[in-house]
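Read it with the structure open beside you.

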Amino acid sequence: MRATVCLPTYDERANLERMLRALGDVLREGDRVLVIDDSSPDGTGELADELARLLPFVSVLHRAQKEGLGPAYIAGFRRALDEGAELVLEMDCDFSHDPQDVPRLIAAVEEGADIAIGSRYVPGGRVGDWGLVRRAISRGGSLYTALFLHMGVKDPTAGFKCIRRRVLETIDPDTISSKGYAFQIETTYRAKRAGFRIVEIPITFDDRVTGVSKMNRRIVLEAVWRVPLLRLGR
Ligand SMILES: Nc1nc2c(ncn2[C@@H]2O[C@H](COP(=O)(O)OP(=O)(O)OP(=O)(O)O)[C@@H](O)[C@H]2O)c(=O)[nH]1
Ligand SMILES: [Mg+2]
């Protein structure tokens with residue numbers, strides 16, 4: 001099944017080339033990478049265009065402004081589906097997600113799952129060099145989500161996923177207004193409620209090596225108020 005890796009970028013100039021080449025090493029004939037850049041001030045978008053000329057499996061979607069991960073992914077999903085992808089992947093461009101794990105996520109869906117989540121919190125999964133505060137926020141977010149949504153997913157805020165085309169066609173991501181972690185929770189929740197089969201594949205998650213984090217308080221607080229609303233079906 002043909003896969004498209006959606007790779008949202010904002011100021012990832014230092015990571016982009018190495019990431020695209022690493023993905024090129026693991027992807028199969030016909031698989032693609034779609035860089036979704038929100039006019040990064042550091043020129044990531046222009047670099048992506050240059051790399052797309054060199055690497056035939058790469059395309060670039062330029063967006064006018066930074067609106068958060070959710071809107072970037074929604075635009076990317078639409079493009080990937082229009083271009084015929086059977087599998088759509090989500091992945092960060094900061095090497096927190098190891099490109100070497102991509103084939104395992106793809107295989108899980110090809111073997112029958114509807115969504116494969118690269119999970120830090122199932123046996124065999126781990127978080128590398130994150131500080132105590134980030135660990136606490138991430139763990140707390142997982143427990144909080146479990147309390148309200150009962151999805152049986154150990155890592156509901158994970159941003160490393162392989163999603164079957166049919167799932168995206170069913171859950172209508174265009175109507176998801178969440179921007180940050182809540183976007184990840186909501187996509188998985190909609191899929192679960194629609195009866196799709198979700199599996200978690202253990203991964204090691206490492207902190208970004210270069211570049212600056214875009215995580216902020218607003219992204220965390222958005223998840224805090226949105227998760228109970230999801231439960232209420234709003
Ligand atoms: N297009 C786009 N990409 C974004 C936006 N915000 C973050 N990204 C990208 O999304 C991925 C994840 O963002 P990070 O800054 O690593 O956020 P995080 O993983 O929650 O935080 P850290 O663990 O601290 O790195 C990276 O590839 C970012 O460049 C955005 O508003 N638009
Ligand atoms: Mg990151």
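Arginine 226 is buried, because its relative accessibility is 18% and the cut-off for buried is under 20%. Its salt-bridge partner is glutamate 222, with the closest N and O atoms 3.3 Å apart. Keep in mind that this is a predicted model.

**The pair in helix α8**
- Glutamate 222 also counts as buried, at 8% relative accessibility.
- Both arginine 226 and glutamate 222 belong to helix α8, which covers residues 217-231.
- Four residues separate arginine 226 from glutamate 222, about one turn of the helix.

- Glutamate 169 and arginine 165 form a salt bridge, 2.8 Å from N to O.
- Helix α6 holds both glutamate 169 and arginine 165, and they sit four residues apart, about one turn of the helix.
- Arginine 165 is buried, with a relative accessible area of 19%.
- Arginine 166 makes a salt bridge with aspartate 114, and their closest N and O atoms are 3.7 Å apart.
- Aspartate 114 lies in the loop between α4 (102-110) and β5 (115-119), while arginine 166 lies in helix α6 (residues 165-171), so this pair ties together parts that are 52 residues apart in sequence.
- Are the two partners buried or exposed? Aspartate 114 is buried, with a relative accessible area of 9%. Arginine 166 is partly exposed, at 45%.

**Salt bridges overall**
- How many salt bridges does the structure hold? There are 16.
- Some of them join into a network that links Glu12, Asp94, Arg208 and Lys214.

**Around ligand 1**
- Ligand 1 has 21 residues around it.
- Glu12, Asp94, Arg134, Ser213 and Lys214 come nearest.
- Glutamate 12 puts a polar side-chain atom 2.6 Å from an oxygen atom of ligand 1.
- Lysine 66 has a side-chain N or O atom 2.9 Å from an oxygen atom of the ligand.
- Glycine 68 uses its backbone instead: a polar backbone atom there is 2.9 Å from an oxygen atom of ligand 1.
- Taken alone, ligand 1 exposes 630 Å², and the protein buries 94% of that.
- The largest pocket is the space taken by ligand 1.
- Which elements give two or more residues to the shell around ligand 1? They are β1 (3-9) and α3 (69-82).

Methods: Residues numbered from 1 in each chain as written. Chains lettered and ligands numbered in written order. Predicted model: local features only at pLDDT ≥ 70, side-chain atom pairs only at ≥ 80, totals over all residues. Heavy atoms only, no water. Salt bridge = Lys/Arg side-chain N within 4 Å of Asp/Glu carboxyl O. Buried < 20%, exposed > 50% of the residue type's maximum accessible area, 1.4 Å probe, protein only. Near = heavy atom within 4 Å. Polar contact = N/O pair within 3.5 Å; in protein donor to acceptor, adjacent residues only side chain to side chain. Areas by Shrake-Rupley, 256 points an atom, 1.4 Å probe, with all protein chains shown as cover. 1 Å grid on protein atoms, 1.4 Å probe; cavity = no way out; pocket = protein on both sides within 12 Å on 5 of 7 lines; lining within 4 Å. Sits in = over half its atoms within 2 Å of the grid points.
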